[in-house]
Amino acid sequence: MKPPRHYRLWWRLLLLSAICSGILLIVYSSAPKWHAGPGAPARNTTSPRGLFGLKALVFGTRKSQTCQRSLRQAIQRHEHFSHQFNLSVPMLLWGGLLSPTLWDRLSQHRAPYGWQGLSRQAITSTLQLLNSSESAELLAAFKKRPRSCIRCAVVGNGGILNGSRQGRNIDAHDYVFRLNGAVIEGFEKDVGSKISFYGFTVNTMKNSLITYSRLGFTSIPQGQDLRYIFIPSDMRDYLMLRSAILGVPVPEGRDKADRPDIYFGPETSARKFKLLHPAFISYVKERFLKSQLINTQFSNIYMPSTGAIMLMTALHTCDKVSAYGFITHNYWKYSDHYYDRKKQPLKFYANHDLLLEASLWRDLHKAGILWLYQR
C-alpha cells in the first residue's frame with residue numbers, strides 16, 4: 001500500500017532541502033577566506049569587514065566556478081597568495097553603498113583611500129547618479145556573452161611592446177583594459193586595437209593628453225561599448241565624473257568649466273562610467289604593494305600606479321588575465337613607452353614603487369595567477 005500523497009510530497013521536499021544544504025556547505029567551505037595580510041589593522045580582520053567595515057556584497061566580480069586552470073584555482077593552491085587575495089572585497093563604488101557609516105569610515109582616510117577633507121555634498125551627489133546595478137558590476141553591459149572562462153588582457157604602455165607583434169594575441173581576449181596614454185593608431189600590430197575599459201585618474205588622463213599629444217595621443221579612446229573606469233585619487237575625479245554623467249561643464253575646482261564630452265563623447269549615461277572603491281585601492285596597497293615609501297617623506301603622495309590598479313581590477317574580475325607592457329626584470333633594455341620615437345629610460349617617480357610592482361608581477365606569473373608578457 002502506497003503512503004498518502006501528502007507524505008510522499010513531504011519526503012521529497014525534505015530530500016531536496018538536504019541536497020541544497022549540502023551544496024551550500026560545499027560552496028561555503030571552498031570560498032576564499034579572509035586573512036590578515038602583513039601590516040593589516042588588528043581590528044576586524046577576520047572577515048571582509050576589515051576594510052573600513054564594508055560589507056562583502058560585491059557585484060564587480062563574475063568569476064566562473066567551472067573555468068579550468070583559472071586564477072581563482074591558482075590562488076587557492078598558493079600558500080602565500082591565498083592569504084593575500086580576497087576576491088569578495090568591494091571593488092566598485094556606487095550609490096547603493098552610500099550610508100552614514102560608509103561616510104564616517106572613509107572620511108578617516110585621505111584620497112585615494114578615502115574621503116578625508118573632501119566635500120560630502122559633492123561626493124554624495126556624484127554617487128547618487130550611479131544608482132543602478134550596472135554601476136555596481138564591471139561586466140554588466142556584457143552579460144549577453146556568457147563564457148566558461150572570461151579572458152582579459154591589461155595593456156600597459158611599456159616599451160617592451162615595441163616590436164612585440166602581440167596585437168593579435170591581445171585582441172583575442174574577451175575584454176581589453178587600457179590606461180593613460182593608450183596610443184593605438186600606428187601600433188596595432190604590437191598592441192592591438194580592441195578596448196573594453198579605459199582606466200585613469202583625471203590627473204593621469206590630462207597629463208597623458210599633454211605629454212603624448214605630439215605622438216598621436218590627442219584624445220582618449222571613445223566608443224559605444226567602451227567603459228571608463230575612474231580611479232578617485234582626488235576631488236577632481238568625483239567632480240569630473242558627476243559632470244560627465246549630467247552632461248554639464250565641471251562647476252568648480254582645478255577643472256572648472258571643463259567639458260567632459262570633449263574626453264568621453266556625447267553620451268552621458270551613467271552606464272558608461274565605473275568608479276573604483278577607495279577601499280579596493282587601499283586593499284591593493286595594504287595587501288600587495290605596501291611600499292617602503294610609506295615610511296618616507298613621500299608617504300602622503302604614494303599610491304599604486306594606474307597600471308597596477310587596473311591589473312588588480314582585472315584579477316578580481318576575470319578568470320584568466322594576461323599583462324602586456326608592464327615592468328619586467330630587464331626593464332632597462334626597453335624604452336619608457338612603446339610609442340617613444342627615441343629610446344627613453346624608465347622614469348621612477350616618488351608617488352609609485354615600480355620595482356615593487358615588478359616583483360609582484362613576477363611572483364604572480366610564477367604562481368600561475370596571471371600571465372606576464374616578457375622578452
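The paragraphs below go through a strand, a helix and a loop residue of a predicted model. Local features need pLDDT of at least 70 and side-chain atom pairs count only at pLDDT 80 or more, while totals for chains, interfaces and linings use all residues. Residues are numbered from 1 along each chain as its sequence is written, and side-chain values use heavy atoms, with hydrogens and water left out.

Strand β1 covers residues 151–155; helices (H or I, at least four residues) and strands (E, at least two) are DSSP runs, numbered from the N terminus. Of the 5 residues in β1, 4 are buried, where buried means under 20% relative accessible area, exposed over 50% and partly exposed in between (1.4 Å probe, protein chains only). Two strands pair if DSSP finds at least two bridges between them. β1 runs parallel to β6 (residues 320–324), with 5 bridges joining them, and Val 154 has Ala 323 of β6 as its bridge partner. β1 also runs parallel to β2 (residues 175–179), through 4 bridges; here Cys 152 stands opposite Tyr 175.

Helix α5 spans residues 120–127, and its buried residues are Ala 122, Ile 123, Ser 125, Thr 126 and Leu 127. Among the elements that cover them are α4 (100–106), α9 (235–246) and β5 (273–275).

The loop between β1 and α6 (167–171) holds Ser 164. Ser 164 counts as buried because its relative accessibility is 10%. Its side chain reaches the backbone oxygen of Leu 161 at 2.8 Å. Leaving aside residues up to four places away in sequence, Ser 164 touches Asp 190, Tyr 373 and Arg 375, contact meaning heavy atoms within 4.5 Å.

Definitions and conventions: Polar contact = N/O pair within 3.5 Å; in protein donor to acceptor, adjacent residues only side chain to side chain.
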